[in-house]
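Work through the exercises below with the sequence and the model open. Each task is followed by a solution in steps.

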Number of protein chains: 2
Amino acid sequence: MRGFGPNTLGLVNTATGLTTSYFATKAMLKPGAIGVAAQSGIFVGALLRYMSSMEGLELSKGLGLGNKMDVNECDALEYLARDDQTKIVVMYLEDLREGRRFLDIAKRATKEKPVLLLKGARTAEGARASSSHTGSLAVEDSVLQGAIGQAGILRMGSIEELIWTLKGFRTMPLPKGNRIAIVTYSGAQAILTIDEAVNSGLKMATFLPPTLAKLSEVIATPSKASNPVDLFPDMMTHGFERTSTKIMEALLEDPGVSAIIFISFAATGPEPYGPVASMVKESASKPVFFSLLGTRDDMEACRSFLEGMGIPCVPFPETAARVISHMWRYTTFKEQGEP
Amino acid sequence: MRGFGPNTLGLVNTATGLTTSYFATKAMLKPGAIGVAAQSGIFVGALLRYMSSMEGLELSKGLGLGNKMDVNECDALEYLARDDQTKIVVMYLEDLREGRRFLDIAKRATKEKPVLLLKGARTAEGARASSSHTGSLAVEDSVLQGAIGQAGILRMGSIEELIWTLKGFRTMPLPKGNRIAIVTYSGAQAILTIDEAVNSGLKMATFLPPTLAKLSEVIATPSKASNPVDLFPDMMTHGFERTSTKIMEALLEDPGVSAIIFISFAATGPEPYGPVASMVKESASKPVFFSLLGTRDDMEACRSFLEGMGIPCVPFPETAARVISHMWRYTTFKEQGEP
């Protein structure tokens with residue numbers, strides 16, 4: 001007989017429809033592929049509510065570990081790693097009770113599926129609050145950082161980064177390299193994205209001659225037909241639909257492009273994005289993220305539209321760069337067995 | 001005769017209703033207090049659309065600097081610093097054409113109003129893209145970082161951070177110190193927020209005896225009546241309304257508390273937050289941010305409700321810590337004249 005908690009909001013198993021939590025919603029019980037274990041009480045419930053309210057982020061299992069008197073992070077990871085329904089593992093932890101065992105289990109787990117970690121109590125003050133919260137002991141964060149990286153665990157900087165990384169893994173194939181291409185209406189946003197991509201370990205793709213030739217059919221200005229590809233104002237000649245699909249086709253076919261970020265405007269509703277989004281959906285050869293800036297309502301409409309097609313649409317494109325970088329790190333780890 | 005651009009989307013002056021941009025929306029022309037200058041073409045237009053679609057973020061002036069052949073960042077900052085309608089200045093820049101002059105102007109400007117900077121082309125790759133975008137020359141980012149900090153300019157990490165920092169300055173008073181208090185339903189979220197606050201230069205407040213006495217009236221568990229104040233499960237005894245208002249009253253009155261982050265759940269709609277939000281609105285003595293986690297729709301409903309009352313409600317509480325840290329840095333700079 002094993003025990004969870006104390007201080008847990010309970011369990012959710014969408015394969016059987018079991019829940020021991022009063023906090024469960026209907027969406028939370030819809031079977032999905034994401035297994036979550038959290039060393040917390042109420043947080044896991046609220047996080048699962050939030051996650052499962054987003055298309056594609058349905059759960060397999062939800063485990064509230066609470067204060068881990070018996071079942072701890074190792075047991076949870078071992079269980080989720082073996083669980084066939086679970087394709088991605090998410091953990092919120094404040095400490096590691098059995099550090100070495102956890103890393104051994106993680107090394108095997110990350111060969112099979114991505115493990116995303118949100119770690120609380122990084123600072124001394126956070127650890128102090130944690131010790132009264134779940135009775136955690138402080139771990140030097142830099143030591144932990146090295147160890148979890150070696151085990152192939154992907155560390156999330158924030159709840160928001162966690163959500164978008166999940167979206168990336170759930171909806172897009174893994175990148176085969178770390179070279180990104182950017183398509184943009186806005187030089188400024190492309191530059192902010194390049195900065196973030198480079199700081200996250202990605203590189204800008206150099207296009208092959210056939211790609212350049214194809215791009216030049218719709219983008220007559222040579223500097224705008226290189227990476228980042230700047231739609232404006234050349235696309236006035238051929239219109240948005242032909243220009244955007246031609247560019248996307250060229251970039252999807254270029255083996256030197258590992259992932260694509262399409263930055264544009266949410267100015268006239270989502271419909272103009274239909275053809276280029278359909279092309280992305282059909283290809284499924286490399287990760288593609290959209291990011292469309294405009295009024296909040298227009299952005300929301302575009303996000304819903306693309307999300308309905310299973311394509312991630314981030315509010316700001318820098319987020320896409322961070323997500324692609326996590327996905328690329330996972331590809332490398334899975335293939336080489338070492339970071 | 002002075003010229004803007006080339007490669008500019010034009011100008012907006014909400015005091016006179018003037019716009020030279022085809023990109024302007026009705027909301028963008030509603031008079032407000034935020035002056036924006038951006039070294040970009042289309043980005044400034046899209047950014048202004050997004051900003052002005054949010055309550056409290058209406059514009060005074062919008063200046064598309066484009067490639068800055070004549071009017072540059074110095075002229076723009078000097079103008080916005082002197083403009084009475086403008087209470088906060090926002091700049092997106094890829095380079096500084098006249099670095100020393102810019103810093104001199106900034107030093108005077110930041111005595112009067114906050115200046116928020118989003119800087120593109122931080123990396124060599126970003127700078128390369130920028131040189132074909134607006135013809136910018138690369139500046140070593142670490143050199144720039146020191147100089148802008150000394151001039152009291154607040155550097156934004158992302159568009160999202162910019163938006164929430166604007167919300168903070170527009171709706172809340174400046175903090176008088178760097179000691180924050182956290183009220184929470186969720187130990188885990190409090191801990192993530194403490195980590196971020198400490199890494200941003202904030203500290204946890206120690207409550208005075210009268211505060212502790214008042215908190216103990218609704219929170220019977222001593223460890224939960226200290227900072228962070230944990231509502232659950234003690235509030236079951238007195239109900240959410242009495243518990244939340246009593247705690248807020250105690251924290252608003254404690255002179256050792258400079259700012260408050262209230263972390264809770266968006267589970268049952270925004271109404272339960274009415275009484276505690278009204279208290280915050282009436283007091284206006286220190287910055288208070290709410291962050292309510294739940295399904296996306298519930299979170300949106302809570303945000304709208306609180307935003308309608310002029311109170312910032314961030315999606316995730318770590319953001320509030322970063323915003324308070326920017327506001328505190330500005331207080332210090334304004335008072336001491338040195339960072």
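**Exercise 1: the sheet of chain A**

In chain A, seven strands make an open sheet in the order E2-E1-E4-E3-E5-E6-E7, and the pairing is mixed. The model is predicted: local features need pLDDT of at least 70, side-chain atom pairs count only at pLDDT 80 or more, and totals for chains, interfaces and linings use all residues. Residues are numbered from 1 along each chain as its sequence is written, chains are lettered from A and ligands numbered from 1 in the order in which they are written, and side-chain values use heavy atoms, with hydrogens and water left out.

Solution. 
1. Strands (E, at least two residues) and helices (H or I, at least four) are DSSP runs numbered from the N terminus. Two strands pair if DSSP finds at least two bridges between them.
2. In E2(A), A:Thr19 is the bridge partner of A:Val12.

**Exercise 2: the sheet of chain B**

Task: give the strand order in chain B, then say which helix packs on the sheet.

Solution. 
1. The open sheet of chain B has seven strands, ordered E2-E1-E4-E3-E5-E6-E7, with mixed pairing.
2. E2 (18-19) and E7 (154-155) of chain B each have a single partner strand, so one side of each has no neighbour in the sheet.
3. Inside chain B, E3 (residues 31-38) and E4 (residues 59-64) run parallel and are joined by five bridges. B:Leu59 in E4(B) is the bridge partner of B:Ile34.
4. H6(B) packs on the sheet and touches E3, E5 (88-93), E6 and E7 of chain B (contact means heavy atoms within 4.5 Å). The direction of H6(B) makes about 175° with that of E6(B); axes are lines fitted to C-alpha atoms, for helices over the stretch in contact, and angles run from 0 to 180 degrees between N-to-C directions.

**Exercise 3: the interface**

Task: describe the contact between chain B and chain A by residues, area and salt bridges.

Solution. 
1. Chain B and chain A each bring 51 residues to the contact.
2. About 4,500 Å² is buried between the two chains, 67% of it from carbon and sulfur atoms. Buried area is the accessible area (1.4 Å probe) that two parts lose on being put together, summed over both.
3. On the chain B side, B:Ile191, B:Arg296 and B:Phe316 lose the most area to chain A, together 15% of what that side buries.
4. Six salt bridges (a side-chain nitrogen of Lys or Arg within 4 Å of a carboxyl oxygen of Asp or Glu) are counted between the chains. One of them links A:Arg122 and B:Glu196, with the closest N and O atoms 3.9 Å apart.
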